[in-house]
Amino acid sequence: MPRRTRNLQKRGNVFWLRIRVPDDLRAAVGKTEIRKSLKTGDFEEAERLVRIERMKLDGEWQSLRRNLRAKTKADVSRADL
């Protein structure tokens with residue numbers, strides 16, 4: 001029996017990425033959860049793909065956090081003027 005991998009879910013014969021959106025980004029993302037088909041029924045391939053997709057999402061979320069911080073700082077400095 002395959003071991004359980006984080007954020008990996010099997011629906012029918014296809015594996016899916018399923019990951020919770022961090023609380024601080026939910027308003028910006030507009031979702032509480034991300035679901036994406038990995039388009040494979042092979043467990044080993046799905047494990048590899050889910051790691052890649054998680055890394056992509058982590059990068060996107062870091063970038064979004066930077067943009068949100070920059071926007072907040074700009075709004076505060078304008079208000080201070």
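User: What sits over the ring of Trp16, and how do I read that?

Analyst: A charge counts as over a ring if NZ of Lys or CZ of Arg is within 6 Å of the ring centre and within 35 degrees of the ring normal. Here the charged end of Arg11 sits over the Trp16 ring, 4.4 Å from its centre. Keep in mind that this is a predicted model, where local features need pLDDT of at least 70, side-chain atom pairs count only at pLDDT 80 or more, and totals for chains, interfaces and linings use all residues. Residues are numbered from 1 along each chain as its sequence is written, and side-chain values use heavy atoms, with hydrogens and water left out.

User: Which order do the strands of the open sheet have?

Analyst: Strands of a sheet pair through backbone hydrogen bonds, either parallel or antiparallel. Strands are DSSP runs of E, at least two residues, and helices are runs of H or I, at least four, numbered from the N terminus; two strands pair if DSSP finds at least two bridges between them. This open sheet has three strands in the order S1-S2-S3, with antiparallel pairing. Strand S1 (8-11) and strand S3 (33-37) are the edges, each pairing on one side only. Five bridges join S2 (residues 14-20) to S3, and Leu17 has Lys36 as its bridge partner in S3.

User: Is Thr40 buried or exposed?

Analyst: Buried means under 20% relative accessible area, exposed over 50%, and partly exposed in between (1.4 Å probe, protein chains only). Thr40 is buried, with a relative accessible area of 13%. You'll find Thr40 in the loop between S3 and helix H2 (43-80).
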